[in-house]
Amino acid sequence: MQADLLQYDFIVKGLLGALFASITAGIAGTYIVARRMVFLSGGITHASFGGIGIGYFAGVNPVAGAALFGVLSALGIEYLSVNHKMREDSAIGILWAFGMATGIIFIYLTPGYAPNLMSYLFGSILTVTDADIAALGIMSLVLIIYFGAFYRTILYISFDESYARTYSPYVNIFKYFTTALVALTIVLNIRMAGVVLVLSLFTIPPNIAMIFTRVYSRIILWSVLSGFAGTAAGYIISYYAGIPVGATIIFTLVIIWSTARMISRFSGSLRMKAHLTKKNNLPIN
Amino acid sequence: MNNKDFLLEMSSISVAYDREIVLEDIDFRVGENDFIGVIGPNGGGKTTLLKVILGLLPPLKGKMRFRDDMLNMNSIGYLPQIHTGDAGFPVNVKDVILSGMMIRKKIISRMSVSDRKKADEVIGSLGLAGLENSSLNELSGGQLQRVFLGRAIIGDPRLLLLDEPGNFVDTTFENDFYGKLRQLNSRMAILMVSHDIGIISSYVKSYACVNRKLHYHPEAEITNEQLLAYGCPIKLITHGDVPHTVLKAHS
């Protein structure tokens, strides 16, 4: 009876967590990869560790602290780059280390042992609460609605921001809002994969998808699917092999990615031939 | 320019970047079916003029008035000088051209069936058929330029702004490209920034010389002496039956 309940909990939590993580990371990850914001996202992730530390110290939910830190640092970096106030990569590098340092200092200052610290660094599905899963579920819904409603606007601002400014007065609002949503999504996924590993949940699936398609909406779809396959498989493998979940998921995703790349390389030479024949310069009429 | 109802009328416009005056006291009018070559030295304010028209730069002083039907932002098409889009971005030719339809849309926009049909027409008329689904990094410079021209004209603008369109055009495609512009000119006014008077002289109907000040030259013919008088030193001048580039004969 006890074992059944544990197993049930394990399966439901695991699969729901994997599903919501794949949906949120697939949508936000496509945005990150397409806009070449991977380094920025790394900065946001590590800066949010400062929020986790302060959360522990102040006795509030560390995820709330991380969310605050993550969103504020994301908006800060976006602001600096919009106004060309500072070299963006340097700003990210400083924020990255500053967040980690803040987190470490505050956790050190917190009396007693911080029991879940490792789960924040490397992720652990076992410590994921129902509230964490619910938050990821809500985020999935928010992202689906937001990207569904504003698909073209987000796509074109990401592709060519300065041209978008010639017709839309809302470019900055969209940039800030989307970046804030992405930061929040990353923070909510930290419970799944940890500060150190979470970014690969966002970057590997879109790169698997981009091997097969260059259409933005299809990249999102295939990211979610391949992300779910990798997350669920990694979860099950980790359970039976008795190895850490987060690392196993990332390992599985990288194996899917490299296999897909090899397959496309093999069939690629055939497609390239077909492609070149139709690419001749056609005259204007 | 005998049309009384100008598409666009600028009076006493001055523009500054960080307090440095770039355009000073500009009076400029664009009428229907105008084809104006905007010439002048580098840093003279040619691109700035386009940015003011696009509403990207608020003037320091002066007045700019659009004809009533120009107030819809979709009525201006724009081909930027530098391709600002990321060529590695996952977006295909058709989607880039469709982005020209965003102008008449609200914040939430979906592309309708007629928008997509329009995109196919533009793709066909620019000789890009078969490349609809290609990404930009698979295209040549000339093809890329045609894609961005497509984005500028898909909304049927009344005024087309071109910033150095010759930069990316390969020579084999050059005549096609300018021929296409001449064809478009029957439907829309064109304002073309170019440093290469040699090529544009056989297509434009008049000139605007921009070098902080703006001097309008209402004829297709322009001489070195006139350019000098306009304070608009340009080293190349040619007039020929066929478009070609020659240096003005030595005296």
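In the predicted model, residues 24 or more positions apart account for 72% of those contacts in chain A that have a separation of 6 or more. Chain A is built from 11 helices and 0 strands, so that, read from the N terminus on, its elements run α-α-α-α-α-α-α-α-α-α-α. Of the 285 residues of chain A, 47% count as buried.

Within chain A, helix 3 (residues 62–82) and helix 4 (residues 88–109) pack at an angle of about 160°, and their axes lie 10 Å apart. Because angles over 145 degrees count as roughly antiparallel, helix 3 of chain A is roughly antiparallel to helix 4 of chain A. The crossing in which helix 3 of chain A passes helix 4 of chain A is right-handed. On the side of helix 3 of chain A, the contact is made by A:F69, A:S73, A:I77, A:L80 and A:S81, while helix 4 of chain A contributes A:E88, A:A91, A:I92, A:L95 and A:G99. By class, the residues of this contact between helix 3 and helix 4 of chain A comprise 6 nonpolar, 3 polar and 1 charged.

Chain B contains both kinds of element, with 7 helices and 9 strands. Buried residues make up 43% of the 251 residues in chain B, and among the contacts in chain B between residues at least 6 apart in sequence, 71% join residues at least 24 apart. One residue of its strands is B:Y17, which is found in strand 1 (residues 8–17) of chain B. B:Y17 counts as exposed, because 11 C-beta neighbours are present inside 10 Å. In sequence B:Y17 and B:D120 are 103 residues apart, and their C-alpha atoms are 40 Å apart in space.

The two chains meet at an interface in which 25 residues of chain A are in contact with 28 residues of chain B. The elements that give two or more residues to the side of chain A that touches chain B are helix 7 (151–159), helix 8 (161–164) and helix 10 (216–241) of chain A. Of these, helix 7 of chain A supplies the largest share of that side, with 5 residues. Divided by class, the side of chain A that touches chain B has 16 nonpolar, 4 polar and 5 charged residues.

When residues up to four places away in sequence are not counted, B:M111 touches A:R152, together with B:L98, B:M101 and B:R116. With 18 C-beta neighbours inside 10 Å, B:M111 counts as partly exposed. The C-alpha atoms of B:M111 and B:E121, which are 10 residues apart along the chain, are separated by 15 Å.

In soluble globular proteins, nonpolar side chains tend to be buried together. The largest nonpolar core of the model holds 147 residues, and the members that touch the most other members are A:V187, B:V38, B:I97, B:L159, B:L161, B:I190 and B:C209. Helix 9 (residues 171–212) of chain A gives the largest share of this core, namely 19 residues.

Definitions and conventions: Residues are numbered from 1 along each chain as its sequence is written. Chains are lettered from A and ligands numbered from 1 in the order in which they are written. This is a predicted model: local features need pLDDT of at least 70, side-chain atom pairs count only at pLDDT 80 or more; totals for chains, interfaces and linings use all residues. Axes are lines fitted to C-alpha atoms, for helices over the stretch in contact, and angles run from 0 to 180 degrees between N-to-C directions. Helices (H or I, at least four residues) and strands (E, at least two) are DSSP runs, numbered from the N terminus. Angles under 35 degrees count as roughly parallel, over 145 as roughly antiparallel, 65 to 115 as roughly perpendicular and the rest as oblique. A crossing is left-handed if the near helix is turned anticlockwise from the far one by less than a right angle, and right-handed if clockwise. Two residues are in contact if their C-beta atoms, placed from the backbone, lie within 7 Å. Ala, Val, Leu, Ile, Met, Phe, Trp, Tyr, Cys and Pro count as nonpolar, Asp, Glu, Lys and Arg as charged, and the others, Gly among them, as polar. A residue is buried if 20 or more other C-beta atoms lie within 10 Å of its own, exposed if 12 or fewer, and partly exposed in between; C-beta atoms are placed from the backbone. A nonpolar core is a set of buried Ala, Val, Leu, Ile, Met, Phe, Trp, Tyr and Cys residues joined through C-beta atoms within 7 Å.
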